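Let's take a walk through this structure together. Have a look at the chain first, and then we'll go through it piece by piece.

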Amino acid sequence: MYYKFDGFTQRLVGAAASAAYNPQGLKPIVSTESPAQIIGTTTKLASDLPATESFLGKNQVPDLQKLFQKADGLPIHLKRGVPDKLLYRTTMALTIGGTIYCLVALYMASQPRSQK
């Protein structure tokens, strides 16, 4: 015996084999026609594309590996010089300033308001 889920009673009920294998009246979709072409453009061949050297530029990975793997005692986030130092100091200033601002706001919130 075959069963299917009845949406009205929310229970399993007896059913024929065709109804049990195609629940809720759904029938399997078998397309006999090829799908219609949506975009009618032609494909480009790889030989028609410009050379990759023109827009990629020079590979900088080996140079950066030499720079970052040098044992000069600097932390990794300061190895590139002035831009890294500027970003680091700005981040530290914003962190300290935000901490102070939060502490002041917490202090002000903890004080009772004066009644006029």
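**Lysines, aspartates and the rest of the chain**

Start at Lys58, which counts as exposed at 61% relative accessibility. As for the words, buried means under 20% relative accessible area, exposed means over 50%, and partly exposed is in between, with a 1.4 Å probe and protein chains only. Before going further, two notes on what you're looking at. This is a predicted model, where local features need pLDDT of at least 70 and side-chain atom pairs count only at pLDDT 80 or more, while totals for chains, interfaces and linings use all residues. Residues are numbered from 1 along each chain as its sequence is written, and side-chain values use heavy atoms, with hydrogens and water left out.

Back to Lys58: its side chain meets that of Asp63 in a salt bridge, at 2.9 Å from N to O. The term salt bridge stands for a side-chain nitrogen of Lys or Arg within 4 Å of a carboxyl oxygen of Asp or Glu. Side chains of opposite charge can pair when their charged atoms come close. Asp63 is partly exposed, with a relative accessible area of 40%.

How many salt bridges does a search of the whole structure find? It finds two. Asp72 is partly exposed at 38% relative accessibility, whereas Lys79 is buried, at 11%.

Lys79 also leads us to Asp84. Leaving aside neighbours within four places in sequence, Asp84 is in contact (heavy atoms within 4.5 Å) with His77, Leu78 and Lys79. Asp84 is buried yet has no salt bridge, and the nearest side chain of opposite charge, Arg80, is 5.2 Å away. For charge, Lys and Arg count as positive and Asp and Glu as negative, while His and the chain ends are not counted.

Asp84 lies in helix H4, which spans residues 82-110. Helices (H or I, at least four residues) and strands (E, at least two) are DSSP runs, numbered from the N terminus. For residues 86-109, an unreviewed UniProt entry lists "transmembrane region"; such positions follow the numbering used here, feature names are shortened, and annotations may be inferred rather than shown by experiment. Over that stretch the chain is 100% helix and 0% strand, with the end C-alpha atoms 34 Å apart.

Together with Tyr88, Met92, Ile96, Ile100, Tyr107 and Met108, Val104 forms a nonpolar patch on the surface, with about 720 Å² of accessible area together. That area comes from the Shrake-Rupley method with a 1.4 Å probe, and for residues, only the protein chains shown count as cover. Patches are made of residues with over 30% relative accessible area and no salt bridge, with like charges joined within 9 Å and nonpolar side chains (Val, Leu, Ile, Met, Phe, Trp, Tyr) within 5 Å.

Now jump to the strands. Gln10 is in the loop between strand S1 (2-6) and strand S2 (11-15), and its phi is near 60°, a positive value in a residue other than glycine. In S2 you'll find Gly14, whose C-alpha is 5.9 Å from that of Tyr2, twelve residues apart in sequence.

Finally, step back: the protein chain has four helices and two strands, in the pattern β-β-α-α-α-α. Of its 116 residues, 4% count as buried.
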